[in-house]
Amino acid sequence: ASRRPSTAGLRMERPERLRGWTDDASNPEDLRLGFSPEHVRLAKAVVVDALLSQVVASGASRATALHARQRTVATAVSYFWRFYQRRSFTTDEPVLVAVACLSLAGKTLENPVHDHTKFKALADAMAAEIYVDEAGKREGVFSCAKDALLPCELRVLDQLKFDLTPYDPHEELAESMRDEKNDDLFRVAWSVLNDSLITPTCVCVSERAAAIGAIAVACELLNVEPPQSAFLSPPDDDDGNEVGEVALAAREMTRYRGAFAENADWKSKESGAETETDAPKGAPAGWRARPPMLAGLRLRAARIIEAARRAGETAS
């Protein structure tokens with residue numbers, strides 16, 4: 001018998017896949033306008049990367065701190081990916097949608113932010129990080145209006161068909177490794193799972209498959225044997241799909257590893273290793289920044305999003 005409690009009733013009912021794999025986690029309207037799945041996926045990944053980095057950065061100051069839990073952030077990102085399976089960059093500003101998804105996830109999971117000026121600050125910080133030119137500056141592309149958040153939340157609700165089921169692969173990871181004593185493996189797998197949010201894994205595989213995929217990638221990174229407790233647990237489904245989903249999740253989790261390594265090398269050469277003294281004045285003890293994984297791809301993503309805006313204006 002399985003040691004894990006049944007979570008069948010808690011699974012998120014995801015939108016039907018358009019053509020079956022993560023390369024196709026895009027809206028047909030984007031494809032019709034000439035944006036390839038690779039274009040769309042890259043733009044979404046950079047927006048999510050900026051969201052994750054700025055949510056962490058907000059904690060450096062009490063005035064901007066969002067206090068978003070891991071489950072809230074993961075759920076928000078899943079809402080974002082699901083939203084853009086039905087909507088297009090040509091009509092919906094991705095920075096505003098990402099912030100609206102975070103607000104909605106906080107309300108759903110009883111982790112709300114009552115001061116909406118923090119969301120405006122988050123949106124503006126994300127836009128400043130994403131919309132850059134070769135000189136590192138680009139002004140006036142997007143600024144979050146004070147009254148823009150609620151209407152966007154309602155659009156997200158409508159496109160999600162009011163299905164606000166949480167996405168929490170971290171709970172599955174903790175359950176799969178509850179009998180393991182390798183803390184390093186658990187921490188690396190947790191980190192891999194965090195970073196996987198910049199990929200469409202959350203709309204393509206189950207939470208358990210994502211967790212097992214993260215463990216597999218962590219084992220490869222640490223060069224250790226996979227824990228039997230995770231890989232020998234009975235699958236949740238009866239048709240054998242979980243094995244394929246784990247393989248897909250692991251593939252997606254390594255998609256941007258090269259870009260991340262290149263960016264990390266560049267940052268270390270430019271500014272040296274980050275230390276505790278690098279924290280902003282007044283930051284809480286133990287605060288750490290999350291450097292963007294895809295900083296080197298921001299310019300390309302900004303061009304894709306702007307081209308989508310222009311295409312939408314031309315089409316209308």
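Predicted model: local features only at pLDDT ≥ 70, side-chain atom pairs only at ≥ 80, totals over all residues.
Visitor: How many residues does helix 4 have, and what is its span from first C-alpha to last?
Guide: Helix 4 covers residues 94–108, which is 15 residues. Its span is 21 Å, close to the 21 Å expected at 1.5 Å a residue.

Visitor: Is helix 4 mostly covered or mostly uncovered?
Guide: Helix 4 is mostly covered, with 13 of its 15 residues buried.

Visitor: Turning to the largest nonpolar core, which residues touch the most other members?
Guide: They are L102, L122 and M126, in a core of 84 residues. Helix 2, residues 37–58, gives the most to this core, namely eleven residues.

Visitor: What does L122 touch, leaving out residues up to four places away in sequence?
Guide: L122 touches L51, Q54, V55, L66, V99 and L102.

Visitor: Now the whole chain: how many helices and strands are there?
Guide: The protein chain has 13 helices and zero strands.

Visitor: What percentage of the residues count as buried?
Guide: Of the 316 residues in the protein chain, 48% count as buried. The accessible surface comes to about 15500 Å², and 52% of that belongs to carbon and sulfur atoms.

Visitor: Of contacts between residues at least 6 apart in sequence, what percentage join residues at least 24 apart?
Guide: In the protein chain, that figure is 82%.

Key:
Residues numbered from 1 in each chain as written. Heavy atoms only, no water. Core = buried A, V, L, I, M, F, W, Y, C linked by side-chain atoms within 4.5 Å. Buried < 20%, exposed > 50% of the residue type's maximum accessible area, 1.4 Å probe, protein only. Helix = DSSP H or I, 4+ residues; strand = E, 2+ residues; numbered from the N terminus. Contact = heavy atoms within 4.5 Å. Areas by Shrake-Rupley, 256 points an atom, 1.4 Å probe, with all protein chains shown as cover. Expected span 1.5 Å × (residues − 1).
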